[in-house]
Amino acid sequence: MKVPTSKPDALPPGVRRFLYFVFCWLNRNIIVLRGIGAVLRLFPYVGGWFGVAARASAVRGVMTRPQSFSNTAHAPNLASGEYLIGMDPGPTYAADKQLLDERLDALKPTLPASADQEARRLVADLKNQGTKPFDLIEDYLMWIVFRAMDPLFGSATDRMAAGAHGNVKDSGLQRQYLMEIRYVAGQLLAGSSATLRVQRRAELCADALRARISGVSNDIQQAWKVPASPDLERNAVGLAWISHPVTVQSGALVVQELLRRPEVHKALRDEAAKLGDKVWQCGNFRNSVRNHVLELMRFRPIFPLLARDVPRDTEFQTGARRNAPCPGGGKMTVLSIAAMFDPQAIPDSKQFCPSRDWGKQEDLRWLMFGYGTRQCPARVYAVEILTSALIGLLILPELQLTDRESKAITYDGALMSDMSVRFTEQAGKDSHA
Amino acid sequence: MLKMVRQQMICIIATRWSDVSMDFSDTGDVYLALKALFEDVEVVQFASIALLPARADSPDQLPSLMLELAIEEGIDPRDMLYRLVNHPSRAMWSLYRSYAPDGGPDIESSRNEHLLEKLMERLSIAEGGFVGARDRTARQIQKEKELLDWTRNEARALKATKQYGADRASFALALARRAFQDPQFEWAFEPAPRSYWRGSGASISAKVGYVLVVFCLWLTVVWPVSALLGGLIRVCAWLFEVLRSAVQPAIDAIYWVLCASIRGAIALIVLGLLWWLFLIALPALSARWRHWLDGIYRELERPTQTQSSSRTYVLCWIFGVPLVLALLACALVFTIWPGVILSTFFAQKVLVATGLLAIFALICVAVDRSDRPAKGSGSDPHEDDVPRAQQVHQSIDSCEALLAEERVAHMVSLTDIRNPNGWSAWWIRVSLGIVTLFGRVFFTGGRLGDAPGIHFGHWHIIEGGRRYLFCSNYDGNFGGYLDDFINGATAGTTLAWRWTTLLPRKSAVFGQPEVKEPRSFPPTRFAIFRGVKCEMKFKSYARDSMLPHVYRFEARKATLDQIDLATALRDALFGERNDKNDDLIMRAIES
């Protein structure tokens, strides 16, 4: 297994920190990225100068040419070693993809029931909270996603979370495991601009994760019913860090966007209240919440921009009169957030409209998960899990951030590490009553 | 930037250590557990454990357990400790178990969390340090060593075929081809990574350019901000009909910041030019000037108290110090009140102040008796006052003997900080900041000044600023190491040690060294001269301050020269084919 080694910072002191600050700031203030996207859509040739695809047509064009615009751009940010997301198509990619599809198939029979079950359990606990603040990520989303994704590792899940010699009932060890994979995933989100500290932390956690997986490889082998091989461990490592943290972060972003739209929140809560105990069974309501999740993710995607390697000289259609040249050996950027708000492709793109008829543009609806053959294969499952999590929140007393957004949400670079929420005072009293 | 260097060298000082009977021997559980932990974690390059004796005024006289960790660049100490504490081997818990005599919390995660918090409280990040083998991880060092060994073996095999005779270029090319075709060296296709100061920022022009860019960025921030604020104030004054004279001071203040920045830069450049002119250009052009400067330097560095050295010292105080201070004051005045500097009145003031300073210096030197031997002491001012029968404690000897063969040597020195502690600690921090900055930016080739062989050397101020800890991992032996410092990094070493003293203390445990008589660091001149040049006294002082280690871990047992050679070979084998690279390959296999 090829393991990336740590590299010193080749940039002058201060430059990386500045770049990372700008990157994180843009991620947190997504409206600025949308503004930049709007300008680049209007003047696509400007995007061409900088190798940025902004229009929906341009993004589609780039994402459907994986040989010319390669996913290997992700490879340096995979702290725990090679995995599908950073590979070019080939025998290893095909074998890994097949294994991944098999693992994802295990989710089919259990979702959304398993996510619903964990959400209900946590909702019951949280209802007794009163107006005491809690962390939406660590006390709610993290566990729903963890339990819903249980079938990915089957019987080995608990052993993996506790480590080869740990007590499977020790929730602290599970939390430690979830933090470990969060930091490994954080490097993928932060990209090459990440400071040395963020990179090193990801590498340390990746080392710990590899050692952990290696220690429980027999359990995984039995759960997956495949022969032992180095590829087994590599895939288990990759699947562990990529599945959980990205879904949790997406969930936090969805809730952040929802809390910024009190009227939408209220309408959904009213609908849930009307359904009463049938809220988990009502298919129409679930569809409506799912549509909301997708729309909220459109406004606040976890990957608003993506990098692609350009292995050989080529060009891409920006939407301007001339194509933009891309020199081989370089990189280009896909501004997917700009494409998701392209008025030429999506009518009333600026409006928050979960029930929008996407018609022929249905594929663009899932653009936050990538596009074409390299689109996230677990997108449907992720949305199902987040739908369950959101339904749980809707039946809880009304939520609010404990303070202003800048204080209630703690960021760790590009990652959201804490989201402190509580029930509104009235809601808290009602729930106690 | 400096923080990143400092964070590479950390110590955990567990005070009031009661478990002094813990078995750290090679066959003990703790030794094996720690070894396995550090080998598995792979980012710890050196580690050691030593027992620090308590201060004489400590009530219970319990020692402190020091765990020294030299880790790779960029890792936050908390992340490092988190990884170590939560490692499934539970080695850290076995080391620090005495903190919880009842066994601690039952749940493993709570126990680890508890331990992590305890260790974070006891964490000491180096105040300053130097890393010799920069930009190289333990894994990289290992891989490059394997490449070096492989190349030497291949070279032997190739030579046996007698195909190439004396044609070095063809021989190097054949070796490079073989290496390139071997899939195990795929990692070496990429040149060895280099950080900015060793890579694109290595040249002097890049360093000057960096400073210039930072200054220009500062101006580009100040300029628009001052223009914007000035405009805003004017608009507000016009809107609210405030008198222009009322807002003028604010506008002037903003303008002043901008001008003062530019004047400050000019003053710095002029000072730099003066330094260059008198200390570099003139000595190069005039032999007389060079000899004169060398003479002053030699006399200031002279370890013994001779008439000529005393005379030079006094004259420097009377003429040199006031002159330098006057120059600095002029630069400061030019930056802050530029109009004043051109007036005759100011020139007179400067002359008077310089004269007064010189008189004051003369009085100070006349009154100061610290540099003179006490009456009746019988010591000769022309000789070092060192007990000739200086004995090294057996435990230190044993530690050095253990590391003597094919291992990286190690020393731990513990001294006390001179009174007043706060003042001395502040100066130490400033001095170490300068040493660390120079080590990071200028001495990028693995040598600190002219001192080679330092892997990780670091200084800590501990116990609330009362004690000073120095740990070093170096090549060779202690005597040679100190000689390198005395001759190669005189000013830096004197700066780092001059605020220390050695107070009497009992041994940490039976069989470890104690300090019976108080000792002091050799006297210095102008903070950076003499000091370590009193060789015997300094060596004896350093020896007396040393403590033995009870545990030692080295990720790789290679000298700095071997590490550098292996990295250079990697770049030469997989780089462009030219004479320089061919020669390097041949030298690598022949050495």
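Reader: How many residues of chain B are in contact with chain A?

Author: This is a predicted model. A pair counts as a contact if the C-beta atoms lie within 7 Å. On the chain A side, 28 residues take part. On the chain B side, the number is 31.

Reader: Which element gives the most residues to the side of chain B that touches chain A?

Author: The elements that give two or more residues to that side are helix H3 (77-85), helix H5 (108-121) and helix H6 (138-161) of chain B. With 4 residues, the one that gives the most is H5(B).

Reader: By class, how many charged residues does the side of chain B that touches chain A have?

Author: Asp, Glu, Lys and Arg count as charged. The side of chain B that touches chain A has 9 nonpolar and 10 polar residues. Its charged residues number 12.

Reader: What ipTM does the predictor give the complex?

Author: The predictor reports two scores for the complex. The pTM is 0.86, and the ipTM is 0.86.

Reader: Where in chain B is confidence lowest?

Author: Chain B has an average pLDDT of 85, and 94% of its residues score at least 70. Confidence is highest in strand E4 (residues 123-125) of chain B, at 94. It is lowest, at a mean of 74, in helix H12 (residues 344-367) of chain B.

Reader: How many strands does chain B have, and what share of its residues is buried?

Author: The secondary structure of chain B includes 19 helices. Its strands number 14. A residue is buried if 20 or more other C-beta atoms lie within 10 Å of its own. Of the 591 residues in chain B, the buried share is 34%.

Reader: Which residues of helix H17 (residues 535-545) of chain B are buried, and what do they pack against?

Author: The buried residues of H17(B) are Lys537(B), Phe538(B), Ser540(B), Tyr541(B), Ala542(B), Asp544(B) and Ser545(B). They pack against one helix segment, H15 (478-488) of chain B. They also pack against strand E6 (409-417), strand E9 (500-502), strand E10 (519-520) and strand E13 (546-547) of chain B.

Reader: What radius of gyration does chain A have, against that of a compact globule?

Author: The C-alpha atoms of chain A fill a box of roughly 65 × 50 × 45 Å along the principal axes. For 433 residues, a compact globule would have a radius of gyration near 22 Å. Chain A agrees with that value, at 22 Å.

Reader: What percentage of the contacts in chain A between residues at least 6 apart in sequence join residues at least 24 apart?

Author: Chain A has 19 helices and 9 strands, and 47% of its 433 residues count as buried. Among its contacts between residues at least 6 apart, those joining residues at least 24 apart make up 73%.

Reader: Which residue in E6(A) is the bridge partner of Arg308(A)?

Author: E3(A) and strand E6 (residues 330-334) of chain A pair in the antiparallel sense over 5 bridges. E3(A) is mostly covered, with 4 of its 5 residues buried. Ala307(A) stands opposite Thr333(A) in E6(A). For Arg308(A), the bridge partner is Met332(A).

How values were computed. Residues are numbered from 1 along each chain as its sequence is written. Chains are lettered from A and ligands numbered from 1 in the order in which they are written. This is a predicted model: local features need pLDDT of at least 70, side-chain atom pairs count only at pLDDT 80 or more; totals for chains, interfaces and linings use all residues. pLDDT is the predictor's confidence in each residue, from 0 to 100. A residue is buried if 20 or more other C-beta atoms lie within 10 Å of its own, exposed if 12 or fewer, and partly exposed in between; C-beta atoms are placed from the backbone. Two residues are in contact if their C-beta atoms, placed from the backbone, lie within 7 Å. The radius of gyration is taken over C-alpha atoms; the globule rule is 2.2 Å times the number of residues to the power 0.38. Two strands pair if DSSP finds at least two bridges between them.
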